[in-house]
Amino acid sequence: SASAAYWPRTRLLALLGSSAPLGAERGGGGSARQAAMQRSELEGLTAPQLQQLIADAAAVLASRCSTADLSAALLPIPSSTHPSLFTFGSAAATGVSFAPPERDGLFGGSGGGLFGGGAASSGGIRLFGGTGGGLFGAAAATADAGSAAAAVTTLAAAPPGEGEAPGGSDEDGELVGDEEVTAVYGWTPSITLELVDSVETGEEGEEELYSQRSKLYRFRDGEWKERGLGEARLLRNRQTGRIRFLLRQEKTGKVAANHFVIEHPPYCDLRPNETSDKILVWCAQDYADGQLQVEQLALRFGTPELADAFKEAFADAKVRNSAAAAAAAPSA
């Protein structure tokens, strides 16, 4: 009957703090304890009656309670994993499931209700929304962050437009190379280095008579010290005919030995080393450091045959130098 379907609303109003007289529809006053609903009474209602009861509860709470009162009255929220009589929007729930009404109620499932699960599609605002714009909604913020990240990615991947930095592409699609910086505005270098085609070494007017890669040693402080590795050469001056011995370090080009080959003992007297027949030792007036210095030198070759070849070329250079010195000497 209508009265039987309507009496739960009266008790609901009393429970929610309604000022209406309790039991008005049942003929008489009552107390809040009498208006309290029992589970057995709820189970006795039909499905349409329960749906109407839920809709009425939502309307009453929405009109008489503030958001703070709702939060205080509804917290703590029961766990969704426990079986419940009112379970909406989940096929895996263990309670009795009823289809929610298509309206913005307190427990609306598809509308913008307080616990609505499908409000994302209808644009409703919910308190505990999971996918829409609810108070504790997380998917909306995630969607906004994803949209922002997609926008940044789109901007980063966009092709460069006008005014791009040098080194990009011109309007025709051709690669434009970076320009070399040759001057800095407002700054003047203290010195200016000029490029030269060739560097004079002092060997331009000489003829090479002998050349062999070897390692040179110099006797200093009671021991043999390595002087440098390079080409040991005998060079003849085209004007004077005099021959000198020259060795430059092959990596730096620094002069390691530079002296004339003369027949004047004890200078330029080649002798084999006591420990190896691949090493030749002699004494000379050396100008490697820019000034005359008597040095005891040793030259090491890869094989004894190379050492013998140098010894022959060295002896021939002494003979030629003697002849050139005799020709240059004034006649008596």
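Is Arg271 buried or exposed? I looked this up before anything else. Arg271 counts as exposed, at 53% relative accessibility. My cut-offs: buried is under 20% relative accessible area, exposed is over 50%, and partly exposed is in between, using a 1.4 Å probe and protein chains only.

A note on what I'm looking at: this is a predicted model, so I take local features at pLDDT of at least 70 and side-chain atom pairs at pLDDT 80 or more, while totals for chains, interfaces and linings use all residues. Residues are numbered from 1 along each chain as its sequence is written, and side-chain values use heavy atoms, with hydrogens and water left out.

**Salt bridges**

I count a salt bridge when a side-chain nitrogen of Lys or Arg lies within 4 Å of a carboxyl oxygen of Asp or Glu. That rule gives me 14 salt bridges.

Back to Arg271: its salt-bridge partner is Asp269, with the closest N and O atoms 3.3 Å apart. Asp269 is partly exposed, at a relative accessible area of 30%.

Next I checked Glu203, which pairs with Arg233 at 2.7 Å between the closest N and O atoms. Glu203 sits in the loop between helix 7 (139–157) and strand 1 (206–220), and Arg233 is in strand 2 (residues 223–237), so this pair links distant parts of the chain, 30 residues apart. (Helices, H or I with at least four residues, and strands, E with at least two, are DSSP runs numbered from the N terminus.) Glu203 counts as buried at 17% relative accessibility, and Arg233 counts as buried at 16%.

Then I went to Arg218 and Glu295, whose closest N and O atoms are 3.7 Å apart in another salt bridge. Arg218 is in strand 1 and Glu295 in strand 7 (residues 293–300), 77 residues apart. I find both of them buried. They also belong to a network of salt bridges that takes in Arg220, Arg227 and Asp289.

**Helix 4**

Among the buried residues in helix 4 I noted Leu50, Leu53, Asp56 and Leu61.

**Cysteines**

How many disulfides does a search of the whole structure find? Zero, taking a disulfide as a pair of cysteine sulfur atoms within 2.5 Å. Cys268 is in none, as the nearest cysteine sulfur, that of Cys283, is 8.4 Å away. Cys268 counts as buried, at 2% relative accessibility.
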